[in-house]
Amino acid sequence: MSVCNGFNNHQNGSTDTDDHNGCSYETLLQTAQYIQSRIPHEPKVGIICGSGMGAYWHEGSLAEALGNKVIIPYHDIPNFPVSTVEGHAGQLVFGTLSNIFVVCMQGRFHYYEGYPLWKCAMPIRVMKLIGVEFLIATNAAGGINTAFMEGDVMLIKDHINMMGFAGNNPLQGPNDNRWGPRFPPMNRAYDAGLIHEAKQIWKQEHLEGRLFDGVYTCLGGPNFETVAELRMLKLLGVDAVGMSTVHEVLTARHCDMTVLAFSLITNVCVMDYQDHDTMPSHEEVMDVGKVRQGTLKLFVEKIVAYIAENRLNKK
Ligand SMILES: O=P(O)(O)O[C@H]1O[C@H](CO)[C@@H](O)[C@H]1O
Ligand SMILES: Nc1nc2[nH]cnc2c(=O)[nH]1
């Protein structure tokens, strides 16, 4: 079995594409086969629990709430990267949610951890191979839109791939058509029908807090942004900024998954030089995530129920 070593080319400054063969279709089939040998059913929905939503294991997290759980730590999975971010549990949690079998990634991979983008997004392809058709990606993000307050939720209606502008994309390198086409369209990256339904669910369930939609961007991190950077992002039409999700969505759409994504606004970005008091921190991000967890768990449960009743087997 070939081994994926995400650090090889990354550290010597190359384009990170050379060792793609270490994560070839065949290699990931072996990864998928290992996972399949440990689970009783095919999951049709995959959920990425970000820093804002149960990336860490604790009572009340979405992953913890699954029925008949099967937990597989990332370090047990052949070819999988391992989580290095505080608060990211680093495990796949399988189980039932709203009466269907799902998989939660409890903790994700970020570029700033030293992984190339294709490797950050590699679990999406593994999900595809084990049967996932719908991806629900969640993240924590800083609010740039001046209407946003801490604790708000933003359905991602579109993204700006800033890292792609700089020539960094998880789909770089030789294209294997078994995943998807060389030039995948991204004008319908986020499923409009699911966004509409998610808004209905939020209203019907009287979920606590405010729900918006908006444009997300991912920067490489790990630093939070300068005032000038945030002002520039605002001018570009960005509503929320984070350090994840975009490369996952590109990879998911490339292999024809249907995507819904949302951000928990964990902090209001400081765009004023006169503000000498506010400092974003990962602790704040995790604290706000913990406070909003219950609501977001219910939100995801209801979205999964909607997908199970209305969208599965109808793609
Ligand atoms: O995108 P997720 O993983 O939710 O986490 C966000 O929050 C962390 C910073 O506090 C960064 O990792 C950023 O990407
Ligand atoms: N880049 C970035 N990521 C975040 N994740 C949570 N908050 C933020 C933020 O303000 N900026």
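This is a predicted model: local features need pLDDT of at least 70, side-chain atom pairs count only at pLDDT 80 or more; totals for chains, interfaces and linings use all residues.
Me: How many residues of β5 are buried?
Reply: Strand β5 covers residues 134-143. The strand is mostly covered. Of its ten residues, the number buried is ten.

Me: Which residue of β5 is the bridge partner of Ile47?
Reply: Strands β1 and β5 pair over four bridges. Their sense is parallel. In β5, the partner of Ile47 is Ile136.

Me: How many bridges join β5 to β9?
Reply: These two strands run parallel. One pair to look for is Ala137, which stands opposite Ala261 in β9. The number of bridges between β5 and β9 is ten.

Me: Which residue of β9 is the bridge partner of Met154?
Reply: Strand β6 spans residues 153-160. Three bridges join β6 to β9, and the two run antiparallel. The partner of Met154 in β9 is Ser263.

Me: Which residue of β7 is the bridge partner of Ile160?
Reply: β6 also pairs with β7. That pairing is parallel and has seven bridges. In β7, the partner of Ile160 is Thr217.

Me: At which residue does helix α8 bend?
Reply: Helix α8 runs over residues 282-310. The bend is about 55°. The helix bends at Gln293.

Me: Which elements do the buried residues of α8 pack against?
Reply: Buried residues of α8 include Val285, Gln293, Leu296 and Ile303. The buried residues of this helix meet both strands and a helix. The helix they pack against is α5. The strands are β1, β3, β4, β5 and β9.

Me: Which residues is Ile303 in contact with, leaving aside its neighbours within four places in sequence?
Reply: Ile303 is one of the buried residues of α8. Ile303 is also among the core residues that touch the most other members. Leaving aside neighbours within four places in sequence, its contacts are Ile136, Ala198, Ile201 and Leu260.

Me: Which elements give two or more residues to the shell around ligand 1?
Reply: Ligand 1 is surrounded by 14 residues. The closest include Gly50, Asn139 and Ser244. The elements that give two or more are β5 and α8.

Me: Which element supplies the largest share of the shell around ligand 2?
Reply: Ligand 2 has 15 residues around it, and Ala140, Gly142 and Val285 are among the closest. β5, β8 and β9 each supply at least two residues of the shell. The largest share is three residues, and it comes from β5.

Me: How many residues of the shell around ligand 2 are nonpolar?
Reply: Sort this shell by class. Five residues are polar and one is charged. The nonpolar residues number nine.

Me: Which two residues does a cis peptide bond join?
Reply: Most residues other than glycine have a negative phi, and most peptide bonds are trans. Here one bond is cis, with omega about 5°. Its proline lies in the loop between β7 and α6. The bond joins Gly221 and Pro222.

Me: Is Ser98 buried or partly exposed?
Reply: Ser98 sits in the loop between β3 and β4. Its phi is positive, near 50°. A residue needs 20 or more other C-beta atoms within 10 Å to count as buried. Ser98 has 17, so Ser98 is partly exposed.

Me: What is the phi of Asp256 near?
Reply: Asp256 is found in the loop between α7 and β9. It is partly exposed, because 13 other C-beta atoms lie within 10 Å. Asp256 is a residue other than glycine with a positive phi, near 65°.

Conventions. Residues are numbered from 1 along each chain as its sequence is written. Chains are lettered from A and ligands numbered from 1 in the order in which they are written. The bend at a residue is the angle between axes fitted to the seven residues ending there and the seven starting there. A residue is buried if 20 or more other C-beta atoms lie within 10 Å of its own, exposed if 12 or fewer, and partly exposed in between; C-beta atoms are placed from the backbone. Two residues are in contact if their C-beta atoms, placed from the backbone, lie within 7 Å. A residue is near a molecule or strand if its C-beta atom, placed from the backbone, lies within 6 Å of it. Ala, Val, Leu, Ile, Met, Phe, Trp, Tyr, Cys and Pro count as nonpolar, Asp, Glu, Lys and Arg as charged, and the others, Gly among them, as polar. A nonpolar core is a set of buried Ala, Val, Leu, Ile, Met, Phe, Trp, Tyr and Cys residues joined through C-beta atoms within 7 Å. Two strands pair if DSSP finds at least two bridges between them.
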